Amino acid sequence: MAEYFVGKVDEFPPGTSRLVPEAGKFGVGVFNIGGEYYAIANYCPHQGAPLCVGHITGTTAAGAHNDVLWQRDGEILRCPWHSWEFDIKTGKTVFEPTERIRTYAVRVRGDDIILDTARSALEQAA
Amino acid sequence: MSTSTETDVRVVDAVVYPSFAQDDDIVDYLPEAYRLRGFPGQTRYYYSRYEGEFHDDAYREGERPGSNRDRVEEAIFGERGVDLAILLPLTRGLMADRRLGSAICTATNAWLSEQWLDGEGCRFRGSIRVDTDDVEGALAEIERWAQDPRMVQIAVPLEALHPYGHPAYLAIWTAAANHGLPVAVHSDGGAGVDFAPTGTGYPRHYVEFASLQSLRFFYHLASLITEGVFDRLPELRFVFADGGADILPPLMWRLDSAWRQSRSQSPENRHLPSSYLAANVRFATSRLEGPLEHGLEKEWTQTMESYDYLLYGSHYPHWSFEPPEHRAARLAPGKRDGVLGGHAKQLYRLS
């Protein structure tokens, strides 16, 4: 089965996340970032940690005077084991060389949020 | 003296130490205001080798090794077939009075220019010594010599008040990058206001000093990378002239690993630490490094992928002197030309 019911739209506000444990091999995390839904495998490509236990956070960038700027708040997931930073929207590490978590499609059907593990987020965007 | 055109250059010795014949000879070159000041001599006095600091080849009756230009030319170019040599005079360590430190550098550079770099077909190239603790003095010294084609790099001590990524030094590195001059880092000679040569204080014996003190290079390298100095100055090149390439990769593995976890604290360092090495970092070879068994050495250097960062350095007249034919025997045949001269020619734009 490729489709999973994640929850009702009004019960899943921006800034929150859910784990769908029965989806995929390790479970799939679904995230609401600013009203858009994103899904990633609960498996860190580094050493296999349950990624979705990690903190949802932001990341930094260097300012014009090498001051440290805070960016992309709520879009970054940090692995609970070694703090690797992942972009929830793309599944890619923030740093180079890039490593990637598997992503999945999420759609809204009526009031229901549906995870589709047969397609990646990239395929959905296309 | 034989001359050579630059297209003939095959072997470049990137580390040769010239010295004053007598410690006090530097006084003739000091600015007037500093001629009565005291400072350490050229010999490192905490740690010295049982049989002396210098290689057997370099000892001559009544003469400090490395102080007689004719003798050094004969040893390097005549007996060993080197084509060009980069001179790296050591200074006297950090001075509490940083302007005195700069005065010593000014005198050393003037002496080097007058005594070692003059003459038709001269096969020596020089280093501009600067005191990193005196930024204004260092910048003035760089401006004094940067346009002189005989000077091919800036040289600074391994000993420093801060790791070299500290912004206190950024103006010096910026000047170096703007002039296209690599910065050579080398453990200095006489001890001024010096620091312990290891991270855990003063070892008792010379064996510990000789084998471990140069590892301090890594703290400077890690600092330069993580402070984003190479991101700001992509043209900047550092040469660690004491060596260290043999231990570099395991240290870089650690830095890369920690960077992936903690890089958000240093966003000015935009790329994986090890990815800066190819463009920005070189190491002189050292006889004291690598496996003792030569067959294993080729394998080790191959595994470490460090060939491309290596510049042959003889370290004449120090006891750790390594002639080019000895280094060549330690390298896989396909890598000899680059390490013995090709990399240095490219780095110093010698051809």
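Predicted model: local features only at pLDDT ≥ 70, side-chain atom pairs only at ≥ 80, totals over all residues.
The contact between the two chains takes 13 residues from chain A and nine residues from chain B, where two residues are in contact if their C-beta atoms, placed from the backbone, lie within 7 Å. Residues are numbered from 1 along each chain as its sequence is written, and chains are lettered from A in the order in which they are written.

**Confidence in chain A**
- Chain A has a mean pLDDT of 95, with 99% of its residues at 70 or more; pLDDT is the predictor's confidence in each residue, from 0 to 100.
- Confidence in chain A is highest in strand β3 (residues 28-33), at a mean of 98, and lowest in helix α1 (residues 121-125), at 82.
- Helices (H or I, at least four residues) and strands (E, at least two) are DSSP runs, numbered from the N terminus.

**Nonpolar cores**
- A nonpolar core is a set of buried Ala, Val, Leu, Ile, Met, Phe, Trp, Tyr and Cys residues joined through C-beta atoms within 7 Å.
- A residue is buried if 20 or more other C-beta atoms lie within 10 Å of its own, exposed if 12 or fewer, and partly exposed in between.
- The largest core has 88 residues, and those with the most contacts inside it include Val16(B), Ile86(B) and Ala176(B).
- Helix α2 (residues 98-116) of chain B gives the most to this core, with seven residues.
- A second, separate core has 30 residues, among them Val20(A) and Leu51(A).

**Helix α12 of chain B**
- Helix α12 (residues 336-347) of chain B has 12 residues and reaches 16 Å between its first and last C-alpha, close to the 16 Å expected, the expected span being 1.5 Å times one less than the number of residues.
- Its buried residues are Val339(B), Leu340(B), Gly341(B), Gly342(B), His343(B) and Ala344(B).
- Their cover includes β1 (12-16) and α11 (324-329) of chain B.

**A hairpin in chain A**
- Strands β5 (residues 56-62) and β6 (residues 68-78) of chain A pair in the antiparallel sense over six bridges; two strands pair if DSSP finds at least two bridges between them.
- Asn66(A), in this hairpin, takes a positive phi near 55°.
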